[in-house]
Amino acid sequence: MLGRILALTVKELLALLKDKRSRFVVVVPPFIQLLVFGYAASFDLNHIPYAVYDRDGGYAARELLAHFEGAPSFQLVSSIRRQEEIAALIDRRDALLVIQIPPGFTADLVSGRTAPAQILIDGRNSNSAQVVQTYVSRILAGFNQDWVARHQLQGMPVSLVTRAWYNPNLESRWFFVSGLVGLLTLVVTMMVTALSVAREREQGTFDQLLVTPLRPFEILIGKAMPGVLIGALEASLVVTLAVFWFGVPLTGGLGVLYCGIFLFVLAAVGVGLMISSLAATLQQALLGAFLFMVPAVILSGFATPIDNMPAAVQLLTLVDPLRYYLLILRSVFLEGAGFELLLHQMWPLGLIALATLSAASWLFRHRMT
Amino acid sequence: MPPLLQALGPSADACRSPQPVPVSPLAIQGLTKVFRPGGRLVQALDAVTFDLSPGVVTGLIGPDGAGKTTLMRIAAGLLVPDAGSVSVLGLDAVVEPLSIQSQIGYMPQRFGLYEDLSVRENLDLYADLQGVAASLRQERYDRLMEMTGLGAFMGRLAGRLSGGMKQKLGLACTLLDPPRLLLLDEPTVGVDPVSRRELWSIVYRLVEEEGMSVLLSTAYLDEAERCVQVVLLHQGRLVDQGPPRQFSEPMRGKTFCVRIEPGKRRALQAQLSRQPGVLDAVLQGDGIRVVLDAQSDERPPEAAMADWRPVDPRFEDGFVALLGSGRRRGELPRLRAKSASSGDAIEVTDLRRRFGDFLAVKRSTFSVRSGEVFGLLGANGAGKTTTFRMLCGLLPVSSGRVRVAGVDLRHAAAEARGRIGYMSQKFSLYANLTVRQNLDFFARAYGLRGREAKGRIQWALDAFGLGDFGATESGTLPLGFKQRLAMAAALMHEPDILFLDEPTSGVDPLARRELWDRINVLAEGGVTVLVTTHFMEEAEYCDRLAIMASGEILALGTPTAIKARAAREGQPEPTMEQAFIDLIRHLEPV
């Protein structure tokens, strides 16, 4: 039995690696995605273009503006002299933000009164507008504290000191790159397995395989092995790049990480083989793989938090293996979580793997053709 | 010449004129085409030169890979040749493909019928595409429907027509705008013999009544005799051109039928085919058809000559004489069934298979004795592949019982599958693995290991002449070698029962003879062989056979018995094809 499984695994690997297109699929798209997500995908804003309309001209106003000029995330593009210029600047997207300081700003502050300042934000992209707003509040808070300290005024009753745990600088790259391990493992594993049965069905070799003494579960193991091997290899590669190239800290242990990787790859292989044995042609299999992957990524919390989704959709995420895997990855990477914390993410993965793999091996013989 | 052609013009009136076009409708000069799939070099056509005779049917004959389709596609202006020239109706096919396409009719192997449209909608669509004037349509439809006999099915979806009817509809769609030159690429392959005859009679009428010139390609050599002219292609080269008699006549006086007692026919056939001076010896029911070498004066022993009866030569004899001189004559390797048993190897009782509301197999009952060569004969869609797949356990049965070596393979333990061999019509191999890797995989899949596996792989390489190809990727092998490799892989584990699904479809007659020689050797060794085929003459090679049409077994028995049933006045010695046609006629009285 072992000999037969080994023979099938060797055959699968040979067939996969000798084929130019399969080699391409395993290497190139993950590499491109790594570059795209590693460098391009980020919630952080840098060089926010802003304009200033200083109608006060006093020293307090200049001090406030100096806080913005000194912040690396902001870049001054224009100083405005007339009210009408504001609209034009924002319409043309020259500035994302306009700071308007009314006359009497310095006078008010000096005499101990609260002084208003106006912030105009381009709200067309709500996401970045919110980010800008947060940055502005942070700078204003800094200015307030400095002012209070310098003029020996009575401080504010509560002063907020924020510490972000696990990602002190709230770098979204840490979040994305650790999630990327999950995404790329999924893509590569699906590509390797989704085509394997469908290709053989199309070429008629699957019938040939079914009439040999190979039992369905032997075929299953033989077909799953290349997916597991290549998926785990791909995950290791991305983990290595994440740590040594993108500088994301790996705080947790490798044991728990690989346990998660293994379980997830099994689940992904199961889904891939299931799609593959349902499909009659290569095209159907490819389409099926994409029909699975796109929702799986969106529902996984890769980019948008699951907690924000409607309750019904949240239920749907429970069958998405990527959801559990991302949680495991991020917990291991950033918080250094161990088995006791992640057990509840691991057993659903095992369950999904069991269900999909059994379904796949049943479909080998029972799909009508 | 072009001015004259223009004067005739492509109008319908000119085409209906009974006078043939005075120049050759298709003149081919030094035509060469090379394909380079994946870095390999395939010489599809090698300096082919011929002129098509106007106003007659010319057969383009040759096995798969001979270059027939490439030639057709170049003539239709769909491919550009590497060298040489093609003149179609006086136009250069490379320079003016569009005006050629509007004047000729071309029916590719798989005609693009829209299966979800009715017969009429298909006709309307193609009439629109070919720009047939609305006023001319009804008259043309009537004529074509009368020719094809499809008039009663105008409202039926094309997808629900039988294989033969689809082919006739495809032909009708090609003929909507009457062409002067008609190119038909394998219109009769896989079609049942009745539809085949009907297709031929349509082609004859087109030639006679509309003065069309027809180039028709086929892999069936017996169809050569239905053509006025034959162009014989082999491996991209033109072997010869002429009337079919030119090929068969030199063999007159060299062809015989030897009557023998039923039990010994395989041994005698193998013995005869190795005799010096014998070009060809194939089984034909209870006899052996022998062709003697025209060049050799050697004759088989006088004693054997006594019960020989001269018969008419066939086109195929000429083909074998032209191309078969170099084929191997050595004794083929023996193979014995491991656990030769007596009784029935395969038992089928009341077998049915339903796909939705379509009955693909209707109540089949038959059995195959151990050591027998049993044939399932039928056209595409007759239900023979469905039956075959149920026997192998690849498809669940809807009802009824299947027993192979005493078990149902679908639910049998893996060990039972180890006793059967299987070869599918696609010669299913892993195309990007080498020959040796393929053999290695199948040996191990059947549980062979170590020295035993090595021994069997070496046996396969030697016995099937694959020794030089061990490191060749199997996808790049020529078709005949792929077939050998597939058979070698199916025999790695010395099975008791061998299943062969259309093992000879597409391979040339010489490779077909070689495969049947191997099957004979297996049968001699006690291996049970179940084989499906749509070649009528291969039915003669079987011990017993079942003839299938639209899911039913029409006849079951020895080839001689089945043929004898069709014997009547005016048809004292019916061929297998005539017997088949009689059976189908009984099924659907026309």
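**View 1. The loop that holds Gln235(B) in a predicted model.** In this predicted model, Gln235(B) sits in the loop that connects β9 (229-234) with β10 (237-242) of chain B, where helices (H or I, at least four residues) and strands (E, at least two) are DSSP runs numbered from the N terminus. Although Gln235(B) is not a glycine, its phi is positive, at about 50°. Gln235(B) counts as partly exposed because 17 other C-beta atoms lie within 10 Å; a residue is buried if 20 or more other C-beta atoms lie within 10 Å of its own, exposed if 12 or fewer, and partly exposed in between, with C-beta atoms placed from the backbone. Residues are numbered from 1 along each chain as its sequence is written, while chains are lettered from A and ligands numbered from 1 in the order in which they are written. Local features need pLDDT of at least 70 and side-chain atom pairs count only at pLDDT 80 or more, whereas totals for chains, interfaces and linings use all residues.

**View 2. The loop that holds Arg93(A).** Arg93(A) is found between α4 (85-91) and β3 (97-101) of chain A, in the loop that links them. Arg93(A) is not a glycine, and yet its phi is positive, at about 60°. Arg93(A) counts as exposed because it has 10 C-beta neighbours inside 10 Å.

**View 3. The strand β19(B) and its partner.** Which residues cover the two faces of β19(B)? Ile420(B) and Tyr422(B) lie on one side and Gly421(B) and Met423(B) on the other, and all of them are buried. The strand β19(B) runs parallel to β20 (residues 497-501) of chain B, and four bridges join them; two strands pair if DSSP finds at least two bridges between them. Within this pairing, Ile420(B) stands opposite Ile497(B) in β20(B).

**View 4. The side of chain B that touches chain A.** Here 22 residues of chain B are in contact with 20 residues of chain A, contact being defined by C-beta atoms, placed from the backbone, that lie within 7 Å. On the side of chain B, the elements that give two or more residues are α14 (414-417), β19 (420-423) and α15 (435-445), and the largest share, four residues, comes from α15(B). By class, this side of chain B has 11 nonpolar, six polar and five charged residues, where Ala, Val, Leu, Ile, Met, Phe, Trp, Tyr, Cys and Pro count as nonpolar, Asp, Glu, Lys and Arg as charged, and the others, Gly among them, as polar.

**View 5. The largest nonpolar core.** A nonpolar core is a set of buried Ala, Val, Leu, Ile, Met, Phe, Trp, Tyr and Cys residues joined through C-beta atoms within 7 Å. The largest one has 248 residues, of which Ala75(B), Leu183(B), Phe499(B) and Val529(B) touch the most other members. Its largest share, 18 residues, comes from helix α7 (residues 172-203) of chain A. Apart from this core lies another, of 21 residues, which includes Val52(A), Tyr53(A), Leu64(A) and Val136(A). When its neighbours within four places in sequence are left aside, Val529(B) is in contact with Val373(B), Phe374(B), Leu498(B), Leu500(B), Ile519(B), Leu522(B) and Ala523(B).

View 6. Where pLDDT is low, the predicted coordinates should not be read in detail.

Note on methods
Two residues are in contact if their C-beta atoms, placed from the backbone, lie within 7 Å.
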